[in-house]
Amino acid sequence: MQAERRSGEAGVTLIEVVIASAILLAALGIAVSGLDSQSRTSAYASQRSRALDDLRIMSTVFAKDIRASTGATAASASDLTVRTYVNGSLTTVRWRAFDNSLERTAGTSTRTYVVDLVTPAVFGFVPDTTDPPSIRRVRLALSTEPDPRYPAVTVETEVEMRNV
């Protein structure tokens, strides 16, 4: 039952305040949800971009080592050692995938290039062998997972050994 208003009475009823508050809270909830989703998407895009940049830089260094190599001295799906030219000198370079990382050791210098590898089996060889003297090309397939909620980021390359 609605009470009649006297002339000159101004204001809003409690019901009107409750309804207006509920509408405002619903609109605010939708806006905050959208901003949160956008923030998470932006963070993932940044992580993915950084991961792709790291993979590309590493694969460029790897390709240079393999192209300039005089041959492999040890080979497996997670470990490859070659004799290659580094700064003009013939040097033993080892690429090794372990503990979710890929590292390059040239002489006494070691650098980790990739973290959060999906699998340590990153090398493949042509012909399909692990006999180091017969390897002519090396395939590198890297997958890293910067955020487990999203698909892995993958880079693949195949490089021919020119000096073998």
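This is a predicted model: local features need pLDDT of at least 70, side-chain atom pairs count only at pLDDT 80 or more; totals for chains, interfaces and linings use all residues.
Biologist: OK. Where does alanine 51 lie, and what is it in contact with?

Modeller: Helices (H or I, at least four residues) and strands (E, at least two) are DSSP runs, numbered from the N terminus. Alanine 51 lies in helix α1. Contact means heavy atoms within 4.5 Å. Leaving aside neighbours within four places in sequence, alanine 51 is in contact with Thr144, Pro146 and Val153.

Biologist: Which residues line the largest pocket?

Modeller: Think of a 1 Å grid over the protein atoms alone: a pocket is an open set of points with protein on both sides within 12 Å along at least five of seven lines, and lining residues have an atom within 4 Å of a point. Here the lining is Gln47, Arg50, Ala51, Asp54, Leu55, Tyr113, Val114, Val115, Asp116, Thr144, Glu145 and Pro146. Two elements give two or more residues to it, α1 and β5 (109–115). The largest share, five residues, comes from α1.

Biologist: How much space lies in that pocket?

Modeller: A volume is the space filled by probe spheres set on the grid points, which are joined across faces, edges and corners. For the largest pocket, that comes to about 180 Å³.

Biologist: Glutamate 145 is on the lining list. Where is its place in the fold, and what does it touch?

Modeller: Glutamate 145 sits in the loop between β7 (137–144) and β8 (153–160). It counts as partly exposed because its relative accessibility is 33%. Not counting residues up to four places away in sequence, glutamate 145 touches Asp116, Val118 and Tyr150.

Biologist: Now the strands. How many bridges join β2 to β3?

Modeller: Two strands pair if DSSP finds at least two bridges between them. Strands β2 (residues 79–86) and β3 (residues 89–98) run antiparallel and are joined by eight bridges. Threonine 84 stands opposite threonine 91 in β3. Two residues lie between the strands of this hairpin, where asparagine 87 takes a positive phi near 55°. Next along, β3 pairs with β4 (residues 101–106) in the antiparallel sense over six bridges. There, valine 93 has alanine 106 as its bridge partner.

Biologist: Last one: which residues touch the most other members of the largest nonpolar core?

Modeller: A nonpolar core is a set of buried Ala, Val, Leu, Ile, Met, Phe, Trp, Tyr and Cys residues joined through side-chain atoms within 4.5 Å. The largest one has 30 residues, and Met58, Phe62, Leu80, Leu102, Phe123, Val138 and Leu142 touch the most other members. Helix α1 (residues 14–67) gives the most to this core, with seven residues. Leucine 102, beyond four places in sequence, touches residues including Met58, Trp95, Phe123 and Leu142.

Notes. Residues are numbered from 1 along each chain as its sequence is written. Side-chain values use heavy atoms; hydrogens and water are left out. Buried means under 20% relative accessible area, exposed over 50%, partly exposed in between (1.4 Å probe, protein chains only). On a 1 Å grid over the protein atoms alone, a cavity is a set of points where a 1.4 Å probe fits but cannot get out, and a pocket is an open set with protein on both sides within 12 Å along at least five of seven lines; lining residues have an atom within 4 Å of a point.
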